[in-house]
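Please look at the sequence and the structure first.

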There are 2 protein chains.
Amino acid sequence: MSAYEDLMAFQRRTEALAQVAGRLGWDQETVMPRGAAEQRGEEMAAMEGILHARRTDPRIADWLARAEAVDEEAEAQLRLIRRSYERATKVPGRLAEEIARVTSVAQGIWADARAKDDVAAFLPTLDTVVRLRREEAAALAGGGDLYDALIDDYEPEATADTIGAVFDRMRPRLVALREAVMGAAHQPRALSGHFGHDGQMRLARDLAKTFGYDFTRGRLDLAVHPFSSGAGNDARITTRVVETDPFNCIYSTIHEVGHACYELGIDGDYLLTPLGGGVSMGVHESQSRIYENQLGRSRAFTGWLGAEMTDRFGDLGLGDADAFHGAVNRVAPGFIRTEADEVHYNLHIMMRFDLERDLIRGSLGVADLEEAWNARFLSDFGVAVDRPSHGMLQDVHWSIGLFGYFPTYALGNVYAGCLHQALRAAVPDLDAHLAQGQTEAAVEWLRENVQRFGGLRGPRDTIRHACGFEPDEGPLLDYLDAKFAEIYRL
Amino acid sequence: MSAYEDLMAFQRRTEALAQVAGRLGWDQETVMPRGAAEQRGEEMAAMEGILHARRTDPRIADWLARAEAVDEEAEAQLRLIRRSYERATKVPGRLAEEIARVTSVAQGIWADARAKDDVAAFLPTLDTVVRLRREEAAALAGGGDLYDALIDDYEPEATADTIGAVFDRMRPRLVALREAVMGAAHQPRALSGHFGHDGQMRLARDLAKTFGYDFTRGRLDLAVHPFSSGAGNDARITTRVVETDPFNCIYSTIHEVGHACYELGIDGDYLLTPLGGGVSMGVHESQSRIYENQLGRSRAFTGWLGAEMTDRFGDLGLGDADAFHGAVNRVAPGFIRTEADEVHYNLHIMMRFDLERDLIRGSLGVADLEEAWNARFLSDFGVAVDRPSHGMLQDVHWSIGLFGYFPTYALGNVYAGCLHQALRAAVPDLDAHLAQGQTEAAVEWLRENVQRFGGLRGPRDTIRHACGFEPDEGPLLDYLDAKFAEIYRL
């Protein structure tokens, strides 16, 4: 065997173990008995120890030095392995395991604190998580910016500066749009009523199929915080049900279907290799967002969805299809990011970006986070946070150490905007398909132009290759302006 | 840290990883999408590779040479670690991984073959599994008996000879009892009717609680072949529902509760150590069997259960409590081991014991197994096997390489017989409790005298310590004779 083959055989095994660790995470969020939490922390730490040892195995350096890339694919594999090796060798194994153990337990502590609206119960844990991740960031950054070092985990090539510049350009147009929408004379009505749990889950399953989700290689379960998990031939999704708000379940499901279809759509030759996963969190989010928003919340698709819901649940009491479309896309300054409309969503992200950057850089202490959050929320959204579960306790991310992850949600929106523009050009009659509840043309285009390549190209390159132009925030902002001008009759 | 502490820290990590591998198995049997089977084989092989590398880590020999046991517990830990190390180092890592990969995939092939009653579709796979396990047995046996080497994996201290001797003593009394029962003038009626899926699952959950199962450290799901899985604070069970036969679900559940309560009942200090699991499959089965049979199928408990079922499902159409007890304990020469009554059950095991011993020793070829099975079944049970899914394809065990495992089921019955005799002596008013649907006195005695010790003592020693006498088949056979004489009015 050549050095390249030896390396790839070793890597394949590592990827299989990473899938196992991921499955443990799925288990923890969906089916694990609560009394198992402490033990699970030990198990996660043990897996992390194994993975870290493999990712830093000195043989990798030797193989990398001798391996020769015969084609573009091999070149990309080697590039990703080298990147992973260089990052992993910078972090002491002890620290990687401690982070795995602490964050596994921290998640339960966060969930309890959120349920009780008890910030104080969470702060010591958050303090530990921030301390550990800063320690890791320092090891990774080698004197560079700590927050950049963490962003790089989720969105290679991006930095706080490049992301901050995008956000600075987006903000004025989003704020202007928000003001126009909030002040508009025409305000769409919200959907009200009661939508039973089982009926929502049936609809969720059917919508997953509508968007091409392959249930022979995945499954749909309930979770407090919907997520997708796994790659290759086992990419699972979760959703949640709020009986007064079926859109929560519907759009959570479509969103997670986008993530899972990305994983399931990757070229089978890349299975259990570094190329066999989404290239970055931003590109991943571009898939979930375009499924959810540009397709799922389009006027054409909601025309079909409104009729489908009426068939299943009876008259929705909203009037015509435009009114249903308005209800789906209603803009309101809510507390919760995951429930935010398309206009407010990126403003939530910008706020988290600034706060977590300051936490990681050390200019904001954990003890001062709640006050900083609440002040910023009032200033950006014009509403005072009424309780911590509507404020800094709302998201799981920080409890599990995900700092540098939030901005990729907004990058995903930006990329989705670009892809949507290119998709519309490639499939001019897309609305005619969507109006029939048919997504094949769209998801096929995405699979062919984005998903199947997995990690072959870098994040921006992946989008550029699919779109044929340099990605920026313009298409997203144009799309939002046009869409909400129509809905709000601006 | 002392050598003992170093060794235990290493071992704790290995046990945590073994729990992870076990959870993958649970996932595969309950929730895994079927398209993930191949990939799962890779994942299982990767975990097996990791576990095998740890179990054969040369540092263990060094630690063992230097470790000093300060008490009985430490002595037992070292004994189990030494045993595991000696066995693991005899098996090449390549072989251990190949077995993990092949058996993971073989299970799906077996399930398909069983569904289609297609022996030929299973034979090549079975042939591979037998070949690999014989290869492993040869590595373990070091010139000794191949089948003994495999038995030792599941029931340390037992051999084909010692088990064969027990079976030889049991057979005449079981055959005589079977003949008396089958020829009796009084034959209890069977339960008939339709019992809805959801109602059975609710009853199963309630019965699990009745027998002390802690749902904060476990869960109940559906599986084709009920099993229990996991240890420490995450011991899960599964059951199945046949709408015409609620006893299938009820007694599968109580059986698996017995297994899981054993794991959950082990001293918390032994968590993630070699002592923190059941000592052998035979002792494990003694717990599941005493819960299921000596308690769950007793006249006292079925008196309560019959009333409970009548409350839930309406009149059962059987008449009085004696008739219900008769229906629960009806003796019939069915094809399926897992559905066998207490009289026939051990006869099924004896047949498998003889067949698999011949397969592993090489005196029976896989190609001749079906004929051998069918001839033996006709001779022992007086009925011709009508299709392979009622014959050699009925059980999962051989597909996943479990050779040497079947006899532990009968040993479990023998041990349950002994424990039952001791329990009755210790709790003279046990029937008064069971007649109220109260199992605390029994399960508390079992926890106190068997379960909490985990792997502290050897299998026979564990039973001897609990009972105060040398275990043999006498109490089981006396119990069966008395029980069925009463039911069948012999």
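A polar contact is a pair of N or O atoms within 3.5 Å; within protein, one must be able to donate a hydrogen and the other to accept it, and residues adjacent in sequence count only if both atoms are side-chain atoms. By that rule, 18 residue pairs (both at pLDDT 80 or more) are in polar contact across the interface of chain B and chain A. The model is predicted: local features need pLDDT of at least 70, side-chain atom pairs count only at pLDDT 80 or more, and totals for chains, interfaces and linings use all residues. Residues are numbered from 1 along each chain as its sequence is written, chains are lettered from A and ligands numbered from 1 in the order in which they are written, and side-chain values use heavy atoms, with hydrogens and water left out.

**Interface**
- Contact (heavy atoms within 4.5 Å) links 40 residues of chain B with 40 residues of chain A.
- In chain B, α1 (3–30), α2 (37–55) and α5 (93–116) each supply at least two residues of the side that touches chain A; helices are DSSP runs of H or I, at least four residues, and strands runs of E, at least two, numbered from the N terminus.
- The rule for salt bridges (a side-chain nitrogen of Lys or Arg within 4 Å of a carboxyl oxygen of Asp or Glu) finds 10 across this interface.
- One of them joins the side chains of R13(B) and E97(A), at 2.8 Å from N to O.

**Sheet of chain A**
- Three strands form an open, mixed sheet in the order β1-β3-β2, where pairing requires at least two DSSP bridges between strands.
- β1 (220–222) and β2 (228–229) of chain A are at the edges with a single partner strand each, so one side of each has no neighbour in the sheet.
- β2(A) and β3 (residues 236–239) of chain A run antiparallel, joined by 2 bridges; S229(A) has R236(A) as its bridge partner in β3(A).
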